Amino acid sequence: MAQSAAGKSNKEQKYDRQLRLWGDHGQEALENAHVCLINATATGTEILKNLVLPGIGAFTIVDGHKVTGEDVGNNFFLSISSIGKNRAQAATELLQELNSDVSGNFVEESPDKLLDNDPEFFHRFSLVIGVQLIESTCLRLAGVLWNAGVPFLVCKTYGLVGYMRLAVKEHTVVESHPDNALEDLRLDQPFAELKNHIQSYDLDNMDKKDHSHTPWIIVVAKYLEKWYNEHNYQLPKNYKEKEAFRQLIREGILKNENGVAEDEENFEEAIKNVNTALNPTKIPSTVQDILNAEGWKNITAQTPAFWVMARAVKEFVENEGEGKLPVRGTIPDMIADSEKFINLQNVYREKAMQDASVVSKHVESLLQSVGKVCVYKSKKKCKNAAFLRVVRCRSLADECSVELVNKDEITSCMDNPDSEMVLYLMLRSVDRFFQQHSRYPGVYNYQVEEDIGKLKLCVNSLLQEYGLNVNVKDDYIHEFCRYGANAIKMITHQFVPFNNTFIYNAMSQTSATFQL
Amino acid sequence: MTWSRGNMADGEEPEKKRRRVEELAEKMAVDSGHGGNARDWDGRWNHVQKFLERPGPFTHPDFEPSTESLHFLLETCKILVIGAGGLGCELLKNLALTGFRQIHVIDMDTIDVSNLNRQFLFRSKDVGRPKADVAADFINRRIPGCNVVPYFKKIQDFDESFYRQFHIIVCGLDSIIARRWMNGMLMSLLIYEDGVLDPSSIIPLIDGGTEGFKGNARVILPGMTACIDCTLELYPPQINFPMCTIASMPRLPEHCIEYVRVLQWPKEKPFGDVPLDGDNPEHIKWVFQKSQERASEFNITGVTYRLTQGVVKRIIPAVASTNAVIAAACATEVFKIASSAYVPLNNYLVFNDVDGLYTYTFEAERKENCTACSQVPQDLKFAPSATLQDILEYLTENASLQMKSPAITATIDGKNRTLYLQTVASIEERTRPNLCKTLKELGLTDGQELAVADVTTPQTMLFKLHFTS
C-alpha cells in the first residue's frame, strides 16, 4: 500500500486507524496470514470477527456440529435460517460478509476426525484457535501443532469466566512498542560525533537567545564535563550527588542585571531530566538473554531471520559497539530553536544509520557463511534492538503432565482461595467431569443438585492426581454447576503476547496471567 | 453500596398487558424462518436463563431466581446507548443478544470509510448515512424481536424528560465534554428529600472508553459513587503545542502541520472563508503540501499525508478488539444491574494489552467538593482588583473544572447581567471589554453569586465569590 498525497487507496482509508498502531508492514503480515478456528461458538465467531474486520488474509472454520436454537440465541453470526445447517458453513457466511478483502472457508468436520485422517491439515495455518474443545481433543491437537511449530490459542468461556491459553514454542517480537521506554542518549559514554557536537557549544559565551534555546541534552552534557573535573570522572550516582548536579545546572541559568534568574525553560528541562539522562547505557536483560540464547549459537541455512539478526547484533556489540547496542537514533522533543534541535537530532540519526549498516554487514557475512544471499530490511530491527522480545510458552502436554505440572505457581496463587487460579482448577475439573459423564455439569435444572457432588469428586481427584495441596471452596463448585461450557499480536510480531494462561472473571471484573 | 433492580422504576401495567397480547398473536403466526414476526424459538434464551433462574453463591444479596427476570429484560427494561461507533456497535450487539429489546441509541455522526475496520454494523454502501439509523436497522434485522430506536442527534438535543425514561444508560463516547454533560444531566435528575437521596431517581451510568490497545469501563451510580467529574484528573491532558514553537521554532513534523492548520489556513483561506475540514481530502492535501514546505525550510523530515491527517483530525488509533473487550465489560455490568444477578463492578476497570493482557480494578473515590455531584457550592476567591479575565482563566485552567468556554452572569443592582459570553459572536464582542475590568469596577460584591454555564454541564453552576485582601 503505497502512501501518496491524493488517491489514498480505499483499503488504506478503511484501515487507517489500525495502521497507526502496527504500520504497513504489520498490516502486510496480517494479510498474509491464514487462521483456523475450531468450533464456531459465540466466543469463536467473536474472535474471528476481530480478525476479519482488520483484514486477516484468510480464515477456515472447522466444526462438525449442526446449528441449534441455543446457538442462534447467543451468536451474532448465526441466524434462525441456519438452524439444522452445519455450523461452520453458517458462521462462515455471516463472517465473510463483514469484509470482502478476507477469504473465508469452512470444513464440515470435527477436529478429531481431521486428526485421525489428516493431521497435516493443520500445518498450513499461521495460527490455530480452539474454542470449547474437550480436553482429549485439545491435547491431541496441541501435540500436533507443537511439533509443527504452529501457534495454538485455546479459549474457553464458562458462565462468567473466560480462559485463554497460548501454546507456542518460541515467538519472536521485533517491535514490542513499550509504553515508557527510556531514551538512548549515551550521555555517560558519548560517541565521537556526539562529543564533537557538544564541543561546538560554548555556553559561557553565548547571547541570551542562544543560551535559552540550547537543547537540554547539550546543557546536561556540558555541566557533566564540569562535574567530571571536580569528581574524578565519576557520574553522579546517588540522590545527594544528583541533587548537587542539578544545583550546578541551576547556577548556570542566566541572571539579569538585578541578579534575578531569567526564565530559561531549557535549563528547567535539563534539571528535570537529570534523573534519567544519566542512567548508565546498558543492554536490557531481556535483550541480553536474546543475544546469549543457546539455541541459536550456530547459524545454519535454516536459522530464522530474527536469530540471524540477533547474532549480527551480538557481533556488533562485541566489536564495533564496544559493549553497547546500535544507537537508537531518536531524541525526545525539547525546548530549542529549530536549527540546534535538528542538528543534534541528525548527530544521533546519522550514528544510528552508521551502526545499522555495520550490523547489516554482519548479517550479510553470516548469511554468506551458510551459502545464503538475502536482502531484507534490517533497519527496523536495529532501531528496535533494545525492544526485541522472545516469548516461550510451555506445551500443554507439560502443563498437564503429573511430573511437570507447575505445582509451585498453583499452590502459591491458591494461598488466596479467591485467586483467579481457582477458576483454572475448576475449568480443569469440569473437563474431567465431561470425560466421565459425556456432558457438562448442570445442563438441566434437575441435575444441578447432584452434579455439585459429582463435580466435587472431580475436583478432588484432580488435586490428588497432581499432588496439589490446596483448598477449592465449595462456592466455586456450586457456581460452575450453574452454567450448563491474542491473535493479532502473534501474526504481526509486534506488541508482546501473554505467556501463557489468562483468566478473566466477569463477576468481579478482574483477571490474571499465569505461567503454567 | 447496594443497588438492585428493585430500585428501578417498574414497568407500567398497560404496557405489559399490550405486550402479552402481542406475543400471543405472534406465537400463533407461522414461522417460516424468514425473520418477519418470529420472536422466540426453542432454546433461544438458555444462555441467559441459567443466570436468572438458578440460585448461586456469588449472586447479589438481593437476587432471587425467577422467570420474572427474563421477562423484565425482554419486555420492560429500557436501555439508552450513547454512541453508535466503535463501542456503540459492540454494545448494541451484546445487549441485543442478552435479551434487551427496548434499546435507544443516540449518535450525531455519519459513517466514514475509516470506521469500517471496527464498526461492524456498517458497510461501504452505508458511508455518509447516520450511524444511529444504520446500526438500529442492522441489529433489528439480525436479532428478531429487538427494537432499537435510533436518534441522529446530539445528546444536548434532549432534556430531562427524555433521559428520565431509561433504566440504565451506557456510554461509548469519544469526548470528555460529552461524558461530563451526560454526567451532569443524570445528576440533575436526582431527587433529594430533606437531604436524603431518593434511590428511584438514580439512573446508573456505565461508561466505556478506548484508545488503541487501552481502555476502561466504569459503573457510576449518580449521587452514590464517584462520577466523571470526581475523577477528572484521571483523563490524560490533551496535547497542545506552545504557540511560540509553532510560530517560530518548529522542531517536529507535527509543529509544521499545526502551523499550517492554525496560522496559515486562516490567513490564506485557500478554499474561501471556510473552516478546515479534516474529512475533506482536498483540504488535507493542501495542508500536507504547505506543511512539507514549512518543514523543508527548517530541515525537518517526517511530514507524511498520514501524519498530517492525524494531527489535523486529532486521530486516535483504534482496533476492533479493544472495543470488543470494553463493550463486553460494560454490557456485563448492564446485565448485572438489570437482573441483580451479581454485584456490579465497584467501580473502575482499566485494560491494557500492549504487553500481555493487563486489567486493574479499583474503587474510584468520590471527591468531597466535586463540582458535579457534591451539592457543595463552589467558592471563588479573588481580590477585588482581580479582573474578569482572571476568573475566566481560573475556570478553564483549574484541574477540577476544566471548562471550555464558560459564560458568566451575575445579579448586579437587582438586574441579571451577562458579564461575558463567548459562544455568540455579537455578545462576545459586546462583553469583551469586561474582561479587562476589575471585579470591583464591574460592581461585584463580596459573597455574591456568579452563575456559570458551559458545554461541560447541562445545568448552570453556581459559584460564591469571596473577596481576598
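This is a short walk through a predicted model with a chain A and a chain B, starting with how they touch.

Hello everyone. Two quick notes on conventions. Residues are numbered from 1 along each chain as its sequence is written, while chains are lettered from A and ligands numbered from 1 in the order in which they are written. Because the model is predicted, local features need pLDDT of at least 70 and side-chain atom pairs count only at pLDDT 80 or more, while totals for chains, interfaces and linings use all residues, and side-chain values use heavy atoms, leaving out hydrogens and water.

Let's begin with the interface. Counting contact as heavy atoms within 4.5 Å, chain A brings 82 residues and chain B brings 78 residues. The size of an interface is often given as the accessible area lost when the parts come together. Here the buried area is about 6700 Å², and carbon and sulfur atoms give 57% of that; the area is taken with a 1.4 Å probe and summed over both parts. Three residues to look for are A:R17, A:F76 and A:R482, which supply 14% of the area that chain A buries against chain B, more than any other three residues.

What about charges across the interface? There are eight salt bridges between chain A and chain B, each being a side-chain nitrogen of Lys or Arg within 4 Å of a carboxyl oxygen of Asp or Glu. One of them pairs A:E46 with B:K93, and the closest N and O atoms are 2.8 Å apart.

Which helix of chain A gives the most to the side that touches chain B? The elements that each supply at least two residues there include α1 (10-14), α2 (16-31), α15 (338-369) and β10 (510-514), and α2(A) gives the most, with eight residues. Helices here are DSSP runs of H or I with at least four residues, and strands are runs of E with at least two, numbered from the N terminus.

Chain A also carries a record: an unreviewed UniProt entry lists residues 15-129 as "domain: THIF-type NAD/FAD binding fold", and such annotations may be inferred rather than shown by experiment. That span is 43% helix and 16% strand, with its end C-alpha atoms 24 Å apart.

Now for some rings. Over all chains there are 32 aromatic pairs, meaning rings of Phe, Tyr and Trp (its six-membered ring) with centres within 6.5 Å; planes under 30 degrees apart are stacked, over 60 edge-to-face, and the rest tilted. B:Y151 and B:F162 have centres 5.2 Å apart and planes at 85°, so this pair is edge-to-face. B:Y151 sits in strand β3 (residues 147-151) and B:F162 in helix α6 (residues 160-163), so the pair ties together parts eleven residues apart in sequence.

Finally, the backbone. A cis peptide bond joins A:N499 and A:N500, with omega about -10°, and another joins B:N346 and B:N347, with omega about -5°.

Notes. Buried area = accessible area lost by both parts, 1.4 Å probe.
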